[in-house]
Amino acid sequence: MSDLIRDLTDDQARAALVCKWGEVPDDVLPAWVAEMDYAVAEPITEALHRAIDAGMTGYPRFGAGGALGAAYAGWASRQFAHEVDPSRVVATVDVTAGVRLALDAVVGPGGLVMPVPGYSPQLAMAEMTGRERFDLLLDPDAERAELDLDQLDHHLSHGARALLLTQPHNPWGRAFTRAELEAVRDVVVRHDAFVISDEIHAPLVLDGREHVPYLSIEGTAEHTVAVVAASKGFNIAGLKCAQVVTASPRLHEALVSVPMARNDSWSVLGVAGSIAAYTDGDAWLAALRERLTSQRDLLVDLLAEHLPRARMRPIEATYLAWIDLRAYGHDDPAALAVERQRVQVAAGHDYQPGLTGHVRLNFATSPERLTEIVRRLALALA
Ligand SMILES: Cc1ncc(COP(=O)(O)O)c(C=O)c1O
């Protein structure tokens with residue numbers, strides 16, 4: 001295994017990851033928020049040191065494209081064989097803000113379809129922007145996590161105007177295939193609707209699998225805004241820089257003509273960190289994917305040994321495992337885990353209100369910690 005991925009000690013993790021490790025008491029082992037217990041890639045820390053040494057603490061460049069656009073376009077071409085026009089890459093503060101910007105500037109009024117279970121803060125996005133939320137529900141008993149196109153079709157016929165696609169999906173763990181995405185496109189085009197494609201997890205495909213950008217599907221340019229970032233793949237969410245990408249002059253124009261106060265909050269250090277990740281991060285990322293693939297395999301073994309009645313669908317991407325623990329008979333296993341065994345996983349009902357017996361477990365840690373997390377979870381449910 002490559003030594004490019006350096007595990008943080010508990011003390012280092014507590015100092016570095018003030019949300020994941022700092023928001024829980026010191027005796028609690030954290031496996032909740034989506035941050036990795038690994039040191040940041042050297043090309044990124046070097047770029048940040050250089051930026052600070054140069055006194056780069058002012059405003060970022062506000063125009064679209066630039067060095068960030070070029071770095072993202074180069075990355076998308078190498079990583080996904082996806083050609084992006086660098087001048088159509090627009091910076092924004094984070095992916096959540098990028099989704100809101102797309103809703104306001106491009107989609108306009110109308111309901112929002114959310115695949116559910118879904119990233120919990122985004123469940124509030126429809127209401128916050130004055131829209132109805134239409135849940136595209138995944139049956140907890142389904143063998144495979146697939147987007148239900150009949151539900152999508154129904155929602156788009158009954159007031160929904162856009163789909164918030166998460167590709168790859170958190171917490172489903174799916175990297176949707178080209179054929180699946182083409183099928184989504186066909187439904188969306190039939191209704192003249194929009195797709196906002198949240199691709200924050202794109203770098204995190206496992207088993208050598210490919211990520212298919214939704215915008216790389218033919219016939220999506222006129223209805224799609226992609227929101228991407230180096231933040232999740234490279235553990236730099238705190239640097240605050242994401243990118244909004246379009247392939248149509250009309251949609252690009254709509255994004256860049258919002259009032260400045262609507263989109264001016266990204267950070268100059270976030271730009272520097274993202275450029276370094278996109279330009280010089282390939283080797284580190286390859287090592288990370290290998291590590292996460294082996295962590296995923298270890299998790300499968302640990303569940304078989306300690307929690308044999310747990311159900312987990314194959315995880316194709318992300319480092320977030322969606323685990324069905326209903327067979328153990330507890331409504332809120334996450335609450336029990338922290339109370340009885342001092343391990344913090346995320347509660348399933350945060351991702352799907354009303355759903356019982358599920359947790360989301362973050363396996364981006366050391367093999368030793370992952371073993372301890374599952375051991376404690378099993379003891380808590382015994
Ligand atoms: C699917 C998805 N979108 C967005 C985010 C949050 O991104 P940001 O911090 O850039 O708003 C996350 C965080 O884990 C996520 O999983």
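Trainee: In this predicted model, which class of residue, nonpolar, polar or charged, has what count in the lining of the largest pocket?

Mentor: The model is a predicted one, and its largest pocket holds about 710 Å³ of space. The lining comprises 34 residues, with Val-33, Ala-34, Tyr-119, Pro-121 and Lys-232 lying nearest the centre of the pocket. Sorted by class, that lining has seven charged, nine polar and 18 nonpolar residues.

Trainee: Which helix or strand gives the most residues to the lining of the largest pocket?

Mentor: At least two lining residues come from each of helix H4 (95-107), helix H5 (120-123), helix H9 (231-234) and strand E10 (343-347). With four residues, the element that gives the most to the lining is E10.

Trainee: Which residues of helix H2 are exposed on the face turned away from its buried side?

Mentor: Helix H2 runs over residues 42-53 and reaches 16 Å from its first C-alpha to its last, close to the 16 Å expected at 1.5 Å a residue. Its buried residues are Ile-44, Ala-47, Leu-48 and Ala-51, and they cover an arc of only 100° around the axis, which puts them on the same side of H2. In an α-helix there are 3.6 residues a turn, so residues three or four places apart point the same way. The face of H2 turned away from that buried side carries the exposed residues Glu-42, His-49, Arg-50 and Asp-53.

Methods:
Residues are numbered from 1 along each chain as its sequence is written. This is a predicted model: local features need pLDDT of at least 70, side-chain atom pairs count only at pLDDT 80 or more; totals for chains, interfaces and linings use all residues. Side-chain values use heavy atoms; hydrogens and water are left out. On a 1 Å grid over the protein atoms alone, a cavity is a set of points where a 1.4 Å probe fits but cannot get out, and a pocket is an open set with protein on both sides within 12 Å along at least five of seven lines; lining residues have an atom within 4 Å of a point. Grid points are joined across faces, edges and corners, and a volume is the space filled by probe spheres set on the points. Ala, Val, Leu, Ile, Met, Phe, Trp, Tyr, Cys and Pro count as nonpolar, Asp, Glu, Lys and Arg as charged, and the others, Gly among them, as polar. The expected span of a helix is 1.5 Å times one less than its number of residues. Buried means under 20% relative accessible area, exposed over 50%, partly exposed in between (1.4 Å probe, protein chains only). The arc is that of the directions from the helix axis to the C-beta atoms.
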